[in-house]
Amino acid sequence: MNVLIKSATILDPKSEFHNSTQDILIENGTILKISKNIKNTNNYQEIKLDNLHVSQGWFDSSVCFGEPGFEERETIKNGLKVAAASGFTTIALNPNTNPILDTNSDITFVNAKAANNAVTVLPTGALTVGSKGIDLAELYDMFTAGAASFYDYKKPISNPNLMKIALQYAANFDGLVQSYPQENKIVGLGVMNENITSTKLGLKGIPALAEELQVTRDLFLLEYTGGKLHIPTISTAKSVELIRDAKKKKLDITCSVAIHNLAFTDEVLTSFDSNYKVLPPLRTQTDIDALIAGVKDGTIDMVTTDHTPIDIEDKKVEFDHASYGTIGLESAFGALQNIFTTKKTIDILTKGKQRFGIETTPINIGNKANLSLFNPDDKYTFDRNSILSKSKNSIFKNTPLKGSVYGIISNNKVSLNN
């Protein structure tokens, strides 16, 4: 792959060309030259786009597709096209398929399906067999096949001894364990945040306590075992405080938050629109303020789309019976820019790589090209036409967003939007 990028503003604090507008010459996937004006003497593919900005490739730590088993929701092939069009060069793919990804051969299957693509896929192996929370899965076997972490997606481990053993066992090969922060006995039949809004709507609530109890338990287990833990998609102010305190104790802990939990409060549920039914549920403005503060001060290590395609048969039903989840890849950049500056948004989208064992590649001469291309100033309303996923369950539908994506250059491939 040979390409010449013209007049691109480079946003990369680790690059000597940070905050400058340059031409970038790439040959065979490697950055050969960065300069103010490079002549296209070899007639390479030329990329010249309006208000073009480039950064290191973006990473999403929690993405679901469907294949194998739920191809009607999303396939790996189309899902990777969506990720590339949304600016992501690397994604961690959750194991909530059918069958659950809980063996070496399952991880090998995903790697084979995702091979030779501009987007790098890091499969996440299930923590327990069938994600049933009873027996530990073949963690080391999956690790050798390329599993980047271990997680029963959205399924909490109710047995604390099992979580203790998982942390101890994975520590032998520096494996990353994820634990979904929810105590199911507290949740009961809840479907949204327990608050005045749930009372007004007559919907059963999920108290913040359900998350905070599990976070507290897992942090005690982490302190006891000395393992390596990631808590995905926290949603409450108290959870931020608990993790901030754990980091002060020097525990090996990271966490993430879903973009939609930074953007919407539970008050949007007055419409009973099931696209707003997500897990963890949308909380209060107080929680959002604490979460945003946590992102800014580094307590929250990464922000995820928590991209979860759900077919219409499981979404367009009564709110109580609708499945949880929203797609989020396509809207990620524009939604984050509604909350943060462009500089902070890029920082957010490129953080978390080290935790998942991804090599960072600054935009410097001699490095492999791993780039996201975008226009940070474009303004538009996100609608159905903006959705590239097979499933259309977007929480951001009809929301004004700021910033559009042109595509990516990665793995010696160019993937640009038409």
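**Notebook: cysteines, cores, a helix and some loops**

I began with C255, whose sulfur is 19 Å from the closest cysteine sulfur, in C64, which is too far for a bond. My search of the whole structure found 0 disulfides. C64 is accordingly in no disulfide, and the nearest cysteine sulfur to that of C64 belongs to C255.

I noted that the model is predicted: local features need pLDDT of at least 70, side-chain atom pairs count only at pLDDT 80 or more, and totals for chains, interfaces and linings use all residues. Residues are numbered from 1 along each chain as its sequence is written, and side-chain values use heavy atoms, with hydrogens and water left out.

**Entry: burial of the cysteines**

Buried means under 20% relative accessible area, exposed means over 50%, and partly exposed lies in between (1.4 Å probe, protein chains only).

**Entry: the nonpolar cores**

I took a nonpolar core to be a set of buried Ala, Val, Leu, Ile, Met, Phe, Trp, Tyr and Cys residues joined through side-chain atoms within 4.5 Å. Which members of the largest core touch the most other members? They are I91 and I253, in a core of 85 residues. I then recorded a second, separate core of 18 residues, which includes V3, I24, I31 and V54.

For I91 I listed contacts, meaning heavy atoms within 4.5 Å. Residues up to four places away in sequence are not counted, and among those that I91 touches are F59, V63, F65, L80 and V121.

**Entry: helix α10**

Helices (H or I, at least four residues) and strands (E, at least two) are DSSP runs, numbered from the N terminus. Helix α10 covers residues 285-297, which is 13 residues. From its first C-alpha to its last, α10 reaches 18 Å, close to the 18 Å expected at 1.5 Å a residue. The expected span is 1.5 Å times one less than the number of residues.

I found D287, I288, A290, L291, I292, G294 and V295 buried in α10. What covers these buried residues includes α8 (237-248), β14 (253-258) and α13 (342-350). After α10 comes G298, with a positive phi near 90°.

**Entry: S86**

S86 lies in the loop between α1 (76-85) and β7 (88-93). At a relative accessible area of 3%, S86 is buried. Which residues is S86 in contact with, leaving aside its neighbours within four places in sequence? I recorded W58, L329, E330 and V405. The backbone oxygen of L329 lies 3.3 Å from a polar atom of the S86 side chain.

**Entry: D218**

D218 is found in helix α7 (residues 208-225) and counts as buried at 2% relative accessibility. The side chain of D218 makes a polar contact with the side chain of R217 at 2.8 Å. A polar contact is a pair of N or O atoms within 3.5 Å; within protein, one must be able to donate a hydrogen and the other to accept it, and residues adjacent in sequence count only if both atoms are side-chain atoms. Neighbours within four places in sequence aside, D218 is in contact with M163, S179 and L229.

Two strands pair if DSSP finds at least two bridges between them. I found that β17 (residues 399-410) and β18 (residues 413-416) pair in the antiparallel sense over 4 bridges. The bridge partner of S410 in β18 is K413. The hairpin has 2 residues between the strands, and N411 takes a positive phi near 50° there.

**Entry: backbone exceptions**

Most residues other than glycine have a negative phi, and most peptide bonds are trans. I therefore noted the exceptions below, with that rule in view.

- The peptide bond from E67 to P68 is cis, with omega near 0°; P68 lies in the loop between β6 (58-63) and α1.
- The peptide bond from N98 to P99 is cis, with omega near 10°; P99 is in the loop between β7 and α2 (104-113).
- K250 has a positive phi near 70°, lies in the loop between α8 and β14, and counts as exposed at 73% relative accessibility.
- F272 has a positive phi near 55°, is found in the loop between α9 and α10, and is partly exposed at 41%.

Technical notes: Disulfide = S-S within 2.5 Å.
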